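Subject: Handover of a structure and its findings

Dear colleague,

Please find the structure below, followed by an account of what was found in it.

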Amino acid sequence: MEATPSMTTSTGYAPQTAMNAEVFAAQTGAILASIAEVIDGKADALRSALVCLLAEGHLLIEDVPGVGKTMLARALAASIDASVRRIQFTPDLLPGDVTGVSVFNPVAREFEFKRGAIFANLVIADEINRSSPKTQSALLEAMEEGQVTVDGETHYLPEPFLVVATQNPFEMEGTYALPEAQRDRFMMRISMGYPDAAAEALMLRQRDTINPLERIRPVLKTADVQALIAWARAVHVAPVIEQYAVALAQATRTDANLHLGASPRATLQLVRAAKVSAALDGRDYVIPDDLTALLPAVFAHRLIPARGAHRAGARPIDAAIAHIIERTPVPVAPRA
């Protein structure tokens, strides 16, 4: 019998089928439902993590401790049967701990490459701003090119590959602010926020006896995720939508309240994220609302306010983005 999108095998995996809009919706819905068993009441955060995965980007979660940042990453990895490694970024962490090192084997009388923690489908960079800029920079090549180079030799990372980094925005003592080049590697920056009262009470009941991560069973294989990525990549972006994305990016570079605007990489990642968002909404084409809805998460962490911009309000970046969306003309479809 031909498999349907809703069917699963005894192992919990969805069987491989030819990818189409219905299968995409069924499989992405299964991933989100699986993560929601662990992270309750955070639909926007779950969707953002899935968008980053399928758009081949990386996610920065900036929030206070204990709100489920690491749990979200682990639940996503468990739902797609992905390998996951957690790196605790500390002041004494070395770049070789992240990428790996060449070690001399006295028996073979040659150097052997020992892989670092970066070699996993999903890497949790916990409290990334507690490590030195030298160690933070060990992620740059991996996040941009999906590879690391050690002693002149290139080693490729597994696919799919996603870095989920966390940092506490309030505790600044003993931390190193992420440089612009590092922040620009993250497709999106989000905050989890505190759970509502009902979700927090449910958490108390559910986690009194068992860790909810132990109940998660993979709903997809990583090979299926690659098919989802390919499907989202093929979502249509009309030329006028591309021009709109460029106009939004250029507006950040000329805004008087911004010292540093969005990079061309930011424009590219905005469009990639919009493709996935459109596919998640059941469309095979991007609309302007896809771009504007994602603009704060994709652009805000890349922008630097101009001197004196704080006088206009407590959140000058958010205000600048809202103003840019308001004053940038939205493309209108030509009449048939």
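Helices (H or I, at least four residues) and strands (E, at least two) are DSSP runs, numbered from the N terminus. This is a predicted model, in which local features need pLDDT of at least 70 and side-chain atom pairs count only at pLDDT 80 or more, while totals for chains, interfaces and linings use all residues. Residues are numbered from 1 along each chain as its sequence is written, and side-chain values use heavy atoms, with hydrogens and water left out.

The largest pocket

A search for pockets works on a 1 Å grid over the protein atoms alone: a pocket is an open set of points where a 1.4 Å probe fits, with protein on both sides within 12 Å along at least five of seven lines, and its lining residues have an atom within 4 Å of a point. A volume is the space filled by probe spheres set on the points, and grid points are joined across faces, edges and corners.

The largest pocket holds about 1300 Å³ of space. Its lining has 47 residues, and Glu62, Arg189, Ser191, Ala300 and His301 lie nearest its centre. Helix H12 gives the most to this lining, with 6 residues. Among the other elements that each supply at least two residues are helix H2 (43-54), strand E1 (59-62) and strand E9 (188-190). By residue type, the lining divides into 25 nonpolar (Ala, Val, Leu, Ile, Met, Phe, Trp, Tyr, Cys and Pro), 13 charged (Asp, Glu, Lys and Arg) and 9 polar (the others, Gly among them).

The nonpolar cores

In soluble globular proteins, nonpolar side chains tend to be buried together. Here a nonpolar core is a set of buried Ala, Val, Leu, Ile, Met, Phe, Trp, Tyr and Cys residues joined through side-chain atoms within 4.5 Å. Buried means under 20% relative accessible area, exposed over 50%, and partly exposed in between (1.4 Å probe, protein chains only).

The largest core has 73 residues, and those with the most contacts inside it are Ile31, Leu54, Leu72, Met188 and Phe299. Helix H11 (residues 264-280) gives the most to this core, with 9 residues. A second, separate core has 23 residues, including Leu60, Ala120, Leu139 and Val163.

Is Leu72 buried or exposed? Leu72 counts as buried because its relative accessibility is 1%, and its place is in helix H3 (residues 69-79). Contact means heavy atoms within 4.5 Å. Apart from neighbours up to four places away in sequence, Leu72 touches Ile35, Ile39, Ala45, Leu46, Ala49, Ile61 and Met192. From C-alpha to C-alpha, Leu72 and Lys42 are 9.8 Å apart in space and 30 residues apart in sequence.

Aromatic pairs

Rings of Phe, Tyr and Trp (its six-membered ring) pair if their centres lie within 6.5 Å; planes under 30 degrees apart count as stacked, over 60 as edge-to-face and the rest as tilted. By this rule there are 2 aromatic pairs. Phe104 and Phe111 form an edge-to-face pair, at 5.3 Å centre to centre and 65 degrees between the planes. The rings of Phe113 and Phe119 have centres 5.9 Å apart and planes at 70 degrees, so this pair is edge-to-face.

Why does Phe111 count as exposed? Phe111 does so because its relative accessibility is 60%. Phe104, at 42%, counts as partly exposed, and Phe119 is buried, at 10%.

The peptide bond from Glu159 to Pro160 is cis, with omega near -5 degrees. Pro160 lies in the loop between strand E7 (153-156) and strand E8 (162-167).

Glu56 is a residue other than glycine with a positive phi, near 60 degrees, and lies in the loop between H2 and E1. Glu127 is not a glycine either, yet has a positive phi of about 50 degrees; the place of Glu127 is in the loop between strand E5 (122-126) and helix H5 (133-136). Glu56 is partly exposed, at 43% relative accessibility, and Glu127 is partly exposed at 26%.

Lys114 is in strand E4 (residues 110-115) and touches Gly100, Val101 and Val103, not counting residues up to four places away in sequence. Its relative accessibility is 42%, so Lys114 counts as partly exposed.

Yours sincerely,
A colleague
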